[in-house]
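Welcome, and please open the model in your viewer. We will go from the whole chain to single residues, one selection at a time.

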Amino acid sequence: MPYVKPFDLRGVPLTAAEEALAQAGLKVGTVTHGVVDNCKPGSVIAVSPLSPTVLHGGEKVDLALCG
């Protein structure tokens, strides 16, 4: 499988983040919710693992959403 470096999805709506991960050959892992000043509800506020971690295709990326 190819290696993929996680990219910055902060501020992106969940559906767009899911699509971007799928196009990169990755899967959505655990989705949690949190609150950050001035964030749009339902948008990504954090991604794990962070760059410069390199992932194999098919691995999961955890997302934290505003909300």
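**The whole protein**

Start with a surface view: the protein has an accessible surface of about 4,300 Å², and carbon and sulfur atoms account for 56% of it. Accessible areas here come from the Shrake-Rupley method with a 1.4 Å probe, and for residues only the protein chains shown count as cover. Bear in mind that this is a predicted model, in which local features need pLDDT of at least 70, side-chain atom pairs count only at pLDDT 80 or more, and totals for chains, interfaces and linings use all residues. Residues are numbered from 1 along each chain as its sequence is written, and side-chain values use heavy atoms, with hydrogens and water left out.

Now switch to cartoon. You will find one helix and five strands, in the sequence pattern β-α-β-β-β-β. Both kinds of element are DSSP runs numbered from the N terminus (helices: H or I, at least four residues; strands: E, at least two).

Of the 67 residues, 27% count as buried; buried means under 20% relative accessible area, exposed over 50%, and partly exposed in between (1.4 Å probe, protein chains only).

**The sheet and its helix**

Next, select E2, E5 and E3. In that order they form an open sheet of three strands with mixed pairing, where two strands pair if DSSP finds at least two bridges between them. E2 and E3 are the edge strands, each pairing on one side only. On average, neighbouring strands of this sheet are turned by 25° against each other, direction ignored.

Zoom in on E3 and E5 (residues 60-66): four bridges join these antiparallel strands. Val 47 stands opposite Leu 63 in E5.

Contact means heavy atoms within 4.5 Å.

Select Thr 32 in strand E2. Is Thr 32 buried or partly exposed? Thr 32 counts as partly exposed, at 40% relative accessibility. Beyond its neighbours within four places in sequence, Thr 32 contacts Leu 63, Ala 64 and Leu 65.

Finish at Ser 43, in the loop between strand E2 (27-34) and strand E3 (44-48). Ser 43 is buried, with a relative accessible area of 5%. Not counting residues up to four places away in sequence, Ser 43 touches Gly 11, Val 12, Pro 13, Ala 64, Leu 65 and Cys 66.

Notes
Axes are lines fitted to C-alpha atoms, for helices over the stretch in contact, and angles run from 0 to 180 degrees between N-to-C directions.
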